[in-house]
Amino acid sequence: MQYDKNMRVLDNHCHLCFPQPIEETLGAYEALFLQLGIREASLLSCPVCSHNENGYDVTENLKVLYLKDKLNIPIYAYAGFVEHWDDPEKYRAFGCEMLDMGFDGFKSLEGHPKNRRNLGKGLNHPSFSGFFSLLNERKIPMICHVGDPRPNWSLDSAYDGAKELGRVYGPEYPSLEQLYAEMEAVMDSYPNIPFVLAHFYFVSDD
């Protein structure tokens, strides 16, 4: 692809979740940003993620802050949930702590079909109200992964890559429509939050 090398490029969706030493991740991003002419980037923490070697890395938020400090371009750091609670005040306290530490926003994988099934509640659950009220008051951005490609809800239509990765969703998973409804209820309730719906909200089949 040809583009103007002077064009300002912001990569708003960079993940950390790879099982490699943090210094290697730092070097890889430095080389990538230089090669592609990226002037700014958002680093998204996903402490609970299948890409992590053990499916869980409680230090991932700290690693994102480390990279924000070390990379030589402006970095927007997005924190991820490391634990879930029933108490709205615990979510609000978590949000305050992350913002005080230097995070610029938040990343949610709770709308991924597998994570949503395991969590047993959507982002519109009352327990998240304290957290979203905080973001709404301060107009803090949040990047949300909601759903997956629609064909993956049927073994007959699922992409081959999805089958290989175990990303085909049967009746034990929430439907795509349910995931959309939960996300849109949150957006309706908290209109001051700048939400970014990752992967174009998986509407490519529409």
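From the N terminus on, the elements of this chain follow the order β-α-β-α-β-α-β-α-α-β-α-α-β, which amounts to 7 helices and 6 strands. The model is a predicted one, and the values below are computed from it.

**The chain as a whole**

The chain has 206 residues and a radius of gyration of 17 Å, and because a compact globule with that number of residues would have a radius near 17 Å, the two agree. Taken along the principal axes, the C-alpha atoms fill a box of roughly 45 × 45 × 35 Å. Buried residues make up 43% of the 206 residues, and the accessible surface of the chain comes to about 10900 Å², with 53% of that area belonging to carbon and sulfur atoms. Among the contacts in the chain with a separation of 6 or more, 73% are accounted for by residues 24 or more positions apart.

| Residue | Relative accessible area | State |
|---|---|---|
| S45 | 1% | buried |
| L155 | 58% | exposed |
| F200 | 76% | exposed |
| Y201 | 11% | buried |
| N118 | 58% | exposed |

**S45, in a loop**

S45 is found in the loop between strand 2, residues 38–44, and helix 2, residues 60–70. With a relative accessible area of 1%, S45 falls under the 20% limit and therefore counts as buried. Leaving aside residues up to four places away in sequence, S45 touches E60, N61, V64, Y78, A79, G80 and K107. One of these neighbours, N61, is also joined to S45 by a polar contact of 2.6 Å between the two side chains.

**L155, in another loop**

L155 is found in the loop between strand 5, residues 142–146, and helix 6, residues 160–165, and with a relative accessible area of 58% this residue is exposed. When residues up to four places away in sequence are not counted, L155 touches K163 and V168. The C-alpha atoms of L155 and Y169 are separated by 8.0 Å, while the two residues stand 14 residues apart along the chain.

**N118, in helix 4**

N118 has its place in helix 4, which covers residues 113–119, and its relative accessible area of 58% makes N118 exposed. The side chain of N118 makes a polar contact of 3.2 Å with the side chain of R117. N118 and G37 are 81 residues apart in sequence, and from C-alpha to C-alpha they are 39 Å apart in space.

Most residues other than glycine have a negative phi. F200, although it is not a glycine, has a positive phi of about 55°, and Y201, which is likewise not a glycine, has a positive phi of about 65°. F200 lies in the segment after strand 6, residues 195–197, and Y201 is also placed in the segment after strand 6. Which of these residues is buried, and which is exposed? F200 counts as exposed at 76% relative accessibility, whereas Y201 is buried, with a relative accessible area of 11%.

How values were computed:
Residues are numbered from 1 along each chain as its sequence is written. This is a predicted model: local features need pLDDT of at least 70, side-chain atom pairs count only at pLDDT 80 or more; totals for chains, interfaces and linings use all residues. Side-chain values use heavy atoms; hydrogens and water are left out. Helices (H or I, at least four residues) and strands (E, at least two) are DSSP runs, numbered from the N terminus. Buried means under 20% relative accessible area, exposed over 50%, partly exposed in between (1.4 Å probe, protein chains only). A polar contact is a pair of N or O atoms within 3.5 Å; within protein, one must be able to donate a hydrogen and the other to accept it, and residues adjacent in sequence count only if both atoms are side-chain atoms. Contact means heavy atoms within 4.5 Å. The radius of gyration is taken over C-alpha atoms; the globule rule is 2.2 Å times the number of residues to the power 0.38. Accessible areas come from the Shrake-Rupley method with a 1.4 Å probe; for residues, only the protein chains shown count as cover.
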